[in-house]
Amino acid sequence: MSLAQFQLAQKYAELQAQFLDRHTHPIDQGVTPLIQRNGQTLINFSSNDYLGLAGHSALKDAAIDYLKIHGIGAGAAHLVTGHQAIHEQLEQRLAQVTGYPKAMLFSTGYMANLGVIDALMGHLSDSRDGIVYQDRLNHASLLDGARLAGAKLRRYPHLDVGQLNEWLRQDSTTQKLIVTDQIFSMDGSEVPLHDLIKTAEQHQAALMIDDAHGFGLRHFSNSPLPRVDIYMATLGKAIGTFGAFVAGSELLINYLTSRARTFIFTTATPPLIAASTLAALDVIEQEPWRQVKLQQHIDRLRTALTEQGWQLLPSQSAIQPIIVGSAENALALSKKLLEQGLLVSAIRPPTVPRGTSRLRITLSAAHSDEMVEQLIKALMVHQPLFRQ
Ligand SMILES: Cc1ncc(COP(=O)(O)O)c(C=O)c1O
């Protein structure tokens, strides 16, 4: 028995030399806006808890109440005995809030993306000649979905619908699947959805959207999403809980239920999470101020950082990256902010392309105006050393 054949020591030393080794940093308590770590209280500008729901009392109470009735684990996969009435109720609610005929839960967003793409384009689907078209900046789970399926993958330049159109026109296969993030996780940019829908229709391609960073941030009933063939979103970000779902036609969901291996061969999420997610959907409807507050923070931060001369990306979302170039610079700036009680993650390759390492600020409705001002002031001090 030996791991020596993989030359891990040499590979890991190379990662360290390039500042690309990664580590977990245990948090003692808290999510957003404040956490405690190593005895230090930090303002968290690195969570995806965009509406500040992860610590909301209604979500906690729902989980506790359900825990008392049911216990913790689902006990089995959905297709065996793990699918509880509360999972069913949540699926129906998710179909209703997204406006799709049917929805199904997956244990994580990563698994949803693997499962959907594999079920549609993998060897079980008889789509050997199919092509998956993906934005170059798509989330790793979408790319891995195409890899797992063994499908031919064409990655178009970020948001370049023109290039996508060209490829769709040239390629003669009849099975074409376009897959894209709705809001890109490391840039905060948003896909031109109407153009993509038009493109997909023109070329009779299917369109799958991953709305991990958008779901819950638009008011459901006021601004429904435009219809796509496959709508996927996660529940661990703005919704504040855990898991993911896919929504679409009844036929799509029935097919995935029988064919998505990451749904079939895994334990269902603890039902108390479903109870908490239902509570989160109620809170979003009852407390619209959360979306308004988040938007105010986004506007304020962008205005201030633009005035300070930072290189921002054209993001209107809760994700506001500052490009600082090298991985070393990104780590150094993150460390300086940490010393001032501000937690902002440095994002480095391979998560983002080389030379575009960045500080990824994420805003939340749970941040107070004062917290956002504190971050702005701290960045003003460091700007001359780190701007691009
Ligand atoms: C765009 C996108 N899709 C999918 C995922 C995976 O979701 P999950 O964390 O539920 O696995 C993430 C992030 O985690 C993401 O940012």
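Which residues line the second largest cavity? I opened the predicted model with this in mind, noting that local features need pLDDT of at least 70, side-chain atom pairs count only at pLDDT 80 or more, and totals for chains, interfaces and linings use all residues. Residues are numbered from 1 along each chain as its sequence is written, and side-chain values use heavy atoms, with hydrogens and water left out.

**Cavity.** I found that the structure holds two cavities of 30 Å³ or more, a cavity being a set of points, on a 1 Å grid over the protein atoms alone, where a 1.4 Å probe fits but cannot get out. I listed as its lining, meaning residues with an atom within 4 Å of a point, His 87, Leu 90, Leu 105, Phe 106, Leu 235, Phe 242, Gly 243, Ala 244, Thr 269, Ile 273, Ala 274 and Thr 277. Helix 11 (271-286) gives the most to this lining, with three residues, while helix 4 (85-98) and strand 3 (102-106) each supply at least two; helices (H or I, at least four residues) and strands (E, at least two) are DSSP runs, numbered from the N terminus.

Leu 34 has Ile 43 as its bridge partner in strand 2. Two residues lie between the strands of this hairpin, in which Asn 38 takes a positive phi near 50°.

Terms used
Pairing = 2+ DSSP bridges. 1 Å grid on protein atoms, 1.4 Å probe; cavity = no way out; pocket = protein on both sides within 12 Å on 5 of 7 lines; lining within 4 Å. Points joined across faces, edges and corners; volume = space filled by probe spheres on them.
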